[in-house]
Amino acid sequence: MDILEYSRLVFSDYTLRTITLGTAVLGGVTGMLGSFAVLRKQSLLGDAISHAALPGIALAFLITGSKDTNVLLIGALLSGLIGTFWIRGITTKTHLKSDTALGLVLSVFFGFGMLLLTFIQKQPNANQAGLDKYLFGQAATLVESDVWLMSVVTGLCLLVLLLFWKEFKILLFDKDYAHTLGFNTKFIDVLITSFIVLAIVLGLQTVGVVLMSAMLLAPAAAARQWTNSLGVMVLLAAILGASAGVFGTAISSTQNNLSTGPVIVLVASVFVLFSFIFSPKRGLLFRQIRLIKNRNDLEFQKTLTFMYHIVEDHEDVFHPHAIKILNNFQGYSRKGLRQLISKNYVTVNGEMWNLTPEGVEAATNMYNQNLKDD
Amino acid sequence: MTSAQIEIQLIASLVAVACAIPGTFLVLRKMAMISDAISHSILPGIVVGFFITQDLNSPLLILLAALTGVLTVVLVEKIQQTKLVKEDTAIGLVFPALFSIGVIMIAKYANDVHLDIDAVLLGELAFTPFDRLFYNGTDLGPKSLWVIGTILLVTLALLFAFYKELKMSTFDAGLATSLGFSPAIIHYGLMSVASITTVGAFDAVGAILVVALMIAPAAAAYLLTTNLTKMIVLACFFGVFSAIAGYWFANYLDASIAGSIATMLGLVFLVVYLFAPSKGLIAVLYRERQQRIEVSLITFILHLKNHNETRERHVNHLNEHINWQKVRSKTVLNLAVKNNFVTIDNNIVSLTEKGNEFTTKAINYIVTNEDAQIEDMKKDFFLFRG
Amino acid sequence: MEKIAVKVDDLTVAYNYKPVLWDIDLKIPEGVLMAIVGPNGAGKSTLVKAILGILKPIAGSVSIFDKPYDTQRKHVAYVPQKGSVDWDFPTTALDVVMMGTYGSLGWIKRPGANEKKRALEALEKVGMLSFKSRQISQLSGGQQQRIFLARALVQDASIYFMDEPFQGVDATTEVAIINILKELRKANKTVVVVHHDLQTVPEYFDWVTFLNVKKIATGPVKDIFNDDNLTKTYGINYKVSIQK
C-alpha cells in the first residue's frame, strides 16, 4: 500500500478511518497538555511516567489474564502514578536531585516491566501475544472503543482547560502570586498533573512507553517558536500533535514491519527542527539573517562616515576623490560602494567618487545621531 | 554452575562495575538524565556501525557509536544555548528523535541486520558466551568479556590518573578552574567514558537498562556515605550484587536477565532508600518529627524570654496566639518541663535559670547566623529529646 | 489611636527545621510607607512570604485589619521579586497585568472589558501603556518590574507588599516606583517594601523595620533610623550618613 492509496482509503475504509481518527485525537490532547509540561519545566517527567507504566500493563495482564485495553491501561495508570509519587518521595525526602530520581525510576520500572513481559512470554497456554505493542506502539490495533475513550478524555480535558484557563495560566506563570490571590494552587497542580498522566497512558497503545514523552514535548516545543501567546501555543501544539499522529500513522501503515511510535516521533521532531530554523521571530535562520543585516548596515554606515570625513575638510564637499583612498579603510567593499550608489548617496565617474547632497545629509544625520547616543 | 553461567555472571559484574564508576560522577554532577539520552541516541550509531563492520563487538563500531553519544551531548548543549527551549526539554527532544531513527533503521533493514528490537531494549546477555574470541584456534573466552574488560580497564586507569581532578571539578568547579583544570576537558572526558561504556554494555543489557546500572547503584551509595571513594566502592558493590542476584532470579523465573538485574537494582535502592542510617526515609521522617518538636520548644521558650506579661505566658496563649493545636502544645510544654526549662505556676509559664541561660545563648547564635551551634547546645542542655 | 493595618504575632518560620525568623511581633499602622531592612539572609523576603501565607510558619499568626489574613486577602496586593518568574513565558505585558484582576474574579469567571480597562489604567500609571502588547521577555528589567507593580495596582488593595522592587532597575523605573509609592500614601494605603539600599531609606520611607532573624526595631524613620539600630542589625559597627 502506498501513501496515495492510503489517503484514498482513509475516507472509505473503516479500520483506517478509526486509526487515523485515533492518532489525530491522541496527538491533539498530548500536544495540548505537553505545552503545560514544557512550561512547568517538567519535560522529562513524562518520560519517567511512561516508562514506569510498563510493569503496570504486565501486572494487569498477569492478574486478570485479560488483554482488554482498558484493564491494561488502568494498570499502566496505577504504576505510572506510583512511579511519580516515588520520584517526588526521593526528591523531597533525600538529597538526591530530580534528574537522579527520574532516571532511576524510569530505568528500574522499565526493567521490571521487561522482566515481567519476558516472564509472560515463557508462560504456557497464555494468550500473551501483542503485549509488546506497548513498547513502541501499534496504531493498527486501535479499535473504535479505544478512539471513543480517547475522545471522551480529550473532551473532558478541553472542558477543564476552558473552565480553568485563567487559573492554569496564572499557576504556570507565577505560583506564589496565584496563592496570594486566594487560589488553591495545590488543586490546580493536581488537576494539570493528573491530565498529563492520563494523556501519557492513553498514548501508550499508539506510541509506546519508550517514546511517549516526545509526543508530549515535541509539538509544544515547536509551537512555542511561532507565538507569544499561551492560547495560540496550546492550540498550535494540538494541531501539530494531531498532524504528527496522522502523518506518522499514515507512513508507518504503508510500510511493513514498522511500529507507529518511532515514525510519529520522527515526524514531530521534523516539526521541531523546522520551527527552530524557520520561525520568523525566534528562528535560527532569521536570527542569523538579522545578525548579518545589522553587520551590513553597520559597514554601510561606517563607509559613508569614512567618506564624509574625507570630504568634510575640503571646501567643496561634493569635490571628487580617488576610489583608491577608500582601500585604506577596512570596512570598504565594492558591494558597499554599489549600495551607496544605488541609494544615490554617491556618484562615481571613472576612478573618482563624490558625495551627493543626499549623501552628505545622510552622513551628517548619522554623525549627529552617534553623538547623541554617546 | 556451568562455565557459560560463570561467564555470564562475570560479564554482568564487569558491566556493573564499568557503569557504576561513571554513573557515580553523573549522579554527583546532576547529569543522570544525560546517561538516559546517551543510551538512547547511540542506537543509530550502532546500526550504522553494524552496516560497516558486521560485528557488534568490533572496536570501530564501539568508537563510532560512542561518538554519536558525545555528539548527543554536544547537540543538547547547542540547543540549550539557543534559548529556544528550556534545558530539560532539549534533552527530551534530542534522544527520542535519534532513537526513533535507530529503531526505524533496524525495522527497515531487518533482514540485513542481526539486531532486533528486543536486543536493543534488553541486550543478549544469555547469548554472550556463544560469541567467542579465537586466536590461532585457541579459545580466549567470550568476545563481550574482552570488550567490557578493556573498557573497564581504561575507565579504571582514567579514574586513578585523574581522580583528584574529577573530584575537584565535581565538588568545586570554580576552584578547579582557578587551579588550571579545564572543566570542559573533564566534562567531555566523562561524557566520552560514559558513551563508550554505554556502547560496550549495550550489547549485554540493552539501551534502557544501562541507565539503571549507571544511576541506581550510585544513588543508593549516595544515601550511605559522603566520601567519594567509599561511594564509588559501594556503587560497584551494589552493581555486582544486583548483577549476580539478578542472574539467578532470572534463571529461576526463566525471564530476561537484564530486566531481572534492573529489578534487583530497584530493590537494592528501595531498601537503602527506606533504611539508610541518616539519609534514609525512615531516619529522615524520625528526625523531622524530632526537629519539629525541638524547634517548637525553642520557639516557645524564646517567646517566654521575649515577653514578661503574664497574658503572653499563659498556657492557653500557646493555642490562641502561637497557633498550635492542643496536642502539639502539650507535647512541647511537657518536653520543656521535663528538661527543667520552665516551671508552670497557676497556668503561667516561667523560664527557669537553665531555660534562661539556654535561651540567651540560642538567641546569640541565631542572630550571628551560627545556628548550627544550637545542635551542639542541645546535647549540653537537653535531658530528653523530642 | 491609629488603625493597625497588619499585625504579626509570635511569627516563627523555619526552612528544613532551620530557623530563619524567630518570634516576630510587628504592628504596621495604616497609611505608612514602611521599609524592611537587614543584611542578606536576615529573612526579609521570608517575612513577607510568611505574612502572605506563601510559606507556612511553624508558629504565630497574622491579622489584617484585626481579622485573620485568610479572610482579608482582597485587601492585600503583592509584588514578588522580579527574578521569581520565567520571563520567557508566552504572554504579553497587558496579560500579566490582567492577572491582578483574577483574585477579585474568583474561580472560573473570565476577565472582561471592565478588567481590561483597569489593567490599561494601571499600565498607564507606571508609564508602560505603549508596551501593552509587548512579549514580556522583550522588556527590560526595569520595565518588567513596572509590569509587576501595575499588576499589584490593579488589585486595588489597601496594603501592598513589595519584595525588592528597586533591585537592578534603571533610573526611569526608580522614579516611577517612587511616584507610585507617594501616590499610594496619599490615598492612605499601607505599603511594605523589602529594601536593601540603606542610603535611600530616609528619603523614600516614613516607617522602618530592622530585621535580622529577630525583629531589632520598628517605628518611624525619624525616631529609630540611627547608627545604634543599624549596628544591632548588621552586626559590625555600622555608620551611614543620614540626611535628615
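Predicted model: local features only at pLDDT ≥ 70, side-chain atom pairs only at ≥ 80, totals over all residues.
Figure 1. Across the interface of chain B and chain C, 1 residue pair is found in polar contact, both residues being at pLDDT 80 or more. The elements of chain B that give two or more residues to the side touching chain C are helix H13 (281-306) and helix H16 (353-367). H13(B) gives the most to this side, with 9 residues. Sorted by class, the side of chain B that touches chain C comprises 8 nonpolar, 9 polar and 7 charged residues. In total, 24 residues of chain B are in contact with 19 residues of chain C. The area buried between chain B and chain C is about 1900 Å², and carbon and sulfur atoms give 54% of it.

**Figure 2. Salt bridge of B:Lys86 and C:Asp86.** Between chain B and chain C the count is 2 salt bridges. In the pair shown, the side chains of B:Lys86 and C:Asp86 meet at 3.3 Å, N to O. C:Asp9 is buried, with a relative accessible area of 10%. B:Lys86 and C:Asp86 also belong to a network, in which salt bridges that share partners join them with A:Arg224, A:Arg282 and C:Asp88.

**Figure 3. Interface of chain A and chain B.** Here 54 residues of chain A are in contact with 58 residues of chain B. The two chains bury about 4800 Å² between them, with 76% of this area on carbon and sulfur atoms. Within chain A, the residues that lose the most area to chain B are A:Leu44, A:Lys93 and A:Leu115, which together account for 13% of what that side buries. The interface of chain A and chain B holds 13 residue pairs in polar contact, both residues of each pair being at pLDDT 80 or more. Two or more residues of the side of chain A that touches chain B come from each of helix H3 (45-52), helix H5 (69-93), H6, helix H7 (133-136), helix H12 (212-224), helix H14 (260-278) and helix H15 (284-312) of chain A. H6(A) supplies the largest share of this side, 16 residues. By class, the side of chain A that touches chain B has 30 nonpolar, 16 polar and 8 charged residues.

Figure 4. A polar atom of the A:Asp99 side chain lies 2.7 Å from the backbone nitrogen of B:Ala32. Leaving aside residues up to four places away in sequence, A:Asp99 touches B:Lys30, B:Met31, B:Ala32 and B:Met33.

**Figure 5. Salt bridge of A:Lys122 and B:Asp254.** The count between chain A and chain B is 2 salt bridges. In one of them the side chains of A:Lys122 and B:Asp254 meet at 3.7 Å, N to O. Over all chains, the structure holds 18 salt bridges. A:Lys122 lies in helix H6 of chain A and B:Asp254 in the loop between helix H11 (228-253) and helix H12 (257-275) of chain B, so the pair joins two chains. A:Lys122 is partly exposed, at a relative accessible area of 48%. B:Asp254 likewise counts as partly exposed, at 43% relative accessibility.

**Figure 6. Salt bridge of A:Lys175 and A:Asp189.** The closest N and O atoms of A:Lys175 and A:Asp189 are 3.7 Å apart. The pair links distant parts of the chain, 14 residues apart, with A:Lys175 in helix H10 (residues 175-180) and A:Asp189 in helix H11 (residues 185-207) of chain A. A:Lys175 is partly exposed, with a relative accessible area of 41%, whereas A:Asp189 is buried, at 16%.

**Figure 7. Packing of helix H7 of chain B.** Helix H7 of chain B covers residues 163-171, and its buried residues are B:Glu165, B:Leu166, B:Met168, B:Ser169 and B:Thr170. These buried residues pack against helix H1 (3-28), helix H6 (143-161), helix H8 (173-178) and helix H9 (183-205) of chain B.

Note on methods
Residues numbered from 1 in each chain as written. Chains lettered and ligands numbered in written order. Heavy atoms only, no water. Polar contact = N/O pair within 3.5 Å; in protein donor to acceptor, adjacent residues only side chain to side chain. Contact = heavy atoms within 4.5 Å. Buried area = accessible area lost by both parts, 1.4 Å probe. Salt bridge = Lys/Arg side-chain N within 4 Å of Asp/Glu carboxyl O. Helix = DSSP H or I, 4+ residues; strand = E, 2+ residues; numbered from the N terminus. Nonpolar A, V, L, I, M, F, W, Y, C, P; charged D, E, K, R; others polar. Buried < 20%, exposed > 50% of the residue type's maximum accessible area, 1.4 Å probe, protein only.
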